[in-house]
Amino acid sequence: MTLPYGYVVTLDRHTRVLDGGRALLGGHPTRLLRLTPRARRLLAARTLRVRGRAGAVLAGRLLDTGIAHPVVTALPPVPDTVDGGAPVCSYVIPVRDRPEQLDRLLTSIRAATDDPVIVVDDASHHPDRVAAVAARHGARVIPLADNLGPAGARNAGLRAVSTPYVACVDSDIVLAPDTVPTLLRHFADPGVVMSVPRITGLPGAGSDRWLGRYENARSSLDLGGHPAAVRPGTPVSWVPSACMVLRTEVLADAGGFDATMRVGEDVDLCWRLIAAGGRIRYEPSVRAAHEHRVDLADWFRRKAVYGTGAHPLARRHPANIAPAVLAPWSAALLVALLAQRRWSLPVAGGVAAVATARNAARLKGIERPWWHAARLTGLGAVSSFTQGAALLTRHWWPLTVVGCMASRRLRRATAVAAVTDIALESLDRRSAPTRLDPVRYAAARRLDDLAYGSGVWLSALKGRSTAALRPRIARTRRKEKRV
């Protein structure tokens with residue numbers, strides 16, 4: 001599908017412009033794009049505005065590879081109404097009790113729009129309270145006799161939607177006035193089927209306590225401050241259903257959410273839409289505030305519940321669910337370092353040298369190929385280390401505990417992993433506003449890993465499968481294309 005005239009994209013912050021604009025290096029997986037003279041003329045600095053067929057093709061290629069992202073402020077706004085004055089977007093809100101949270105959300109929606117709002121009461125214990133709040137804000141209520149869970153409740157609401165777009169929003173969210181209008185701009189790209197905002201913490205009771213501050217820095221729902229194309233195997237491989245805007249027709253054609261899944265239904269939907277050829281945009285310039293759990297027991301249980309979605313997702317999407325994805329050379333590097341033998345450092349250095357030489361061969365013809373190759377190898381080594389640390393402290397922690405009882409080397413490796421990942425996270429901008437000391441941050445991080453890993457193991461045992469626990473060795477070639 002062709003991008004419209006006037007569509008604007010800008011290069012990702014990690015994309016390198018090489019040889020005076022003759023090549024681009026970036027994306028996921030990393031690839032080298034050699035640009036023809038005509039393509040080079042279309043790029044103004046790091047920005048491309050579609051002014052013709054060639055520009056549309058190049059911009060689409062850059063979007064598909066993750067080398068560039070749309071400039072959302074330069075995209076045209078979606079009109080408030082379609083032909084005949086009908087609204088363009090509806091809101092679907094699944095809720096079970098929680099009338100105070102629902103009132104807060106509906107107040108934020110009505111502050112920005114009069115679009116149709118459908119509240120799906122998922123068998124509340126006190127449905128009259130939910131109905132009263134909805135009536136006060138002019139929202140339609142669809143009551144369910146049986147509790148279907150969030151996925152089933154959303155599907156019930158979607159069947160009543162007649163607008164081209166639908167915003168699915170959880171009841172514990174508060175929307176800013178510009179959130180949904182900005183997300184709708186992404187649908188100027190006819191290939192976009194879903195767009196989502198950044199999910200941040202909602203200030204409130206307990207949000208300034210240590211667990212609340214940890215969640216504000218490292219919530220499972222917060223995917224960071226940089227725009228991204230959502231695709232498996234990339235830094236943003238899925239998006240949460242706390243707030244998402246979708247094309248109604250595409251969602252209906254996909255069968256909606258999988259109502260058999262009580263957790264992970266959002267991940268499943270993302271991967272199904274992507275497999276069908278749709279684009280999903282993560283837009284962190286707008287936010288949806290989420291009421292994070294701050295009670296320790298409740299928070300721990302919820303993290304474990306997230307983990308239990310691993311096995312159902314592994315059955316539906318076996319290629320996407322691996323807890324770590326390593327290239328052969330990075331897996332060998334990681335194994336050599338974990339062995340902690342006299343030969344470990346020389347072997348690891350040799351593996352890195354070979355990987356650098358292979359990268360340099362693929363970058364032949366550009367300026368300073370060895371420098372760029374060494375940088376790629378270094379980034380790959382850091383990625384393999386962080387994934388290995390996550391295996392030890394998060395996904396495989398029961399095996400790690402048993403192994404540490406017998407192996408001093410494993411105890412040393414686990415200690416290094418536990419300390420190093422906290423140090424690396426402290427460099428992440430999301431961790432900056434926590435005002436949480438390293439000790440309590442580290443304690444919350446390890447509890448997070450313990451809870452999630454427990455859920456993964458429970459789901460694996462229940463499903464009698466280790467698919468969600470097995471890392472994947474992927475031969476990820478850094479592709480070179482001429483555009």
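Student: Where is the place of Pro29?

Tutor: Pro29 sits in the loop between β3 (23-26) and β4 (31-34), where strands are DSSP runs of E with at least two residues and helices are runs of H or I with at least four, both numbered from the N terminus. A cis peptide bond, with omega of about -5°, joins His28 and Pro29. This is a predicted model, in which local features need pLDDT of at least 70, side-chain atom pairs count only at pLDDT 80 or more, and totals for chains, interfaces and linings use all residues. Residues are numbered from 1 along each chain as its sequence is written, and side-chain values use heavy atoms, with hydrogens and water left out.

Student: What makes Asp97 count as buried?

Tutor: Buried means under 20% relative accessible area, exposed means over 50%, and partly exposed lies in between, with a 1.4 Å probe and protein chains only. Asp97 has a relative accessible area of 17%, and therefore Asp97 is buried. Asp97 also has a positive phi of about 60° although it is not a glycine, and its place is in the loop between β8 (89-95) and α3 (99-110).

Student: Why does Ala123 count as buried?

Tutor: Ala123 counts as buried because its relative accessibility is 14%. Phi of Ala123 is near 60°, a positive value in a residue other than glycine, and Ala123 lies in the loop between β9 (117-122) and α4 (127-136).

Student: How do you know that Cys89 is too far from the closest cysteine sulfur for a bond?

Tutor: A disulfide is a pair of cysteine sulfur atoms within 2.5 Å. The sulfur of Cys89 is 9.3 Å from the closest cysteine sulfur, in Cys168, and is therefore too far for a bond. The sulfur of Cys243 is 9.1 Å from its closest cysteine sulfur, also in Cys168, so this distance is too far as well. A search of the whole structure finds zero disulfides.

Student: Why is α15 called oblique to α16?

Tutor: Helix α15 (residues 397-406) and helix α16 (residues 408-426) pack at an angle of about 130°, with their axes 6 Å apart. That angle makes α15 oblique to α16, because angles under 35 degrees count as roughly parallel, over 145 as roughly antiparallel, 65 to 115 as roughly perpendicular and the rest as oblique. Axes here are lines fitted to C-alpha atoms, for helices over the stretch in contact, and angles run from 0 to 180 degrees between N-to-C directions.
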